[in-house]
Amino acid sequence: LTESYNNLDQINSKNSVIMRDKKNYRKKRLLELLSQGYTQREISKKIGCSLSTIEKDLKEIRNSDMIIE
């Protein structure tokens with residue numbers, strides 16, 4: 001049983017990393033598209049997520065010291 005919980009922890013950890021990577025990729029893509037002149041609404045359609053997600057990501061970017069390479 002303990003081994004099962006350890007395996008679940010490993011899976012959750014991997015999923016967390018994957019989700020963080022996807023979110024960082026989306027934010028990077030968001031900034032790229034903004035720099036190309038796309039509106040937030042156009043970006044949401046192009047990336048395939050809601051306008052509120054785009055707005056939330058922009059707010060997080062503004063409130064962070066996120067460095068995009």
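Author: Buried means under 20% relative accessible area, exposed means over 50%, and partly exposed is in between (1.4 Å probe, protein chains only). This is a predicted model, where local features need pLDDT of at least 70 and side-chain atom pairs count only at pLDDT 80 or more, while totals for chains, interfaces and linings use all residues. Residues are numbered from 1 along each chain as its sequence is written, and side-chain values use heavy atoms, with hydrogens and water left out.

Reader: OK, which residues are in the largest nonpolar core?

Author: There are seven: Leu30, Leu33, Ile43, Cys49, Ile54, Leu58 and Ile61.

Reader: And which helix supplies the largest share of this core?

Author: Helix 3 does, with three residues. Helix 1 and helix 3 each give the core at least two. Helices here are DSSP runs (H or I, at least four residues), numbered from the N terminus.

Reader: On to charges. How many salt bridges does the structure hold?

Author: Four. A salt bridge here is a side-chain nitrogen of Lys or Arg within 4 Å of a carboxyl oxygen of Asp or Glu. One of the pairs is Lys23 with Glu60, at 3.2 Å from N to O.

Reader: Where do Lys23 and Glu60 sit?

Author: Lys23 is in helix 1 (residues 2-35) and Glu60 is in helix 3 (residues 51-62), so that pair links distant parts of the chain, 37 residues apart. Lys23 is partly exposed at 26% relative accessibility, and Glu60 is partly exposed too, at 27%.

Reader: What about Lys27 and Glu60?

Author: Their side chains meet in a salt bridge at 2.7 Å, N to O. Lys27 lies in helix 1 and Glu60 in helix 3, so this pair ties together parts 33 residues apart in sequence.

Reader: Is Lys27 buried or exposed?

Author: Buried, with a relative accessible area of 8%.

Technical notes. A nonpolar core is a set of buried Ala, Val, Leu, Ile, Met, Phe, Trp, Tyr and Cys residues joined through side-chain atoms within 4.5 Å.
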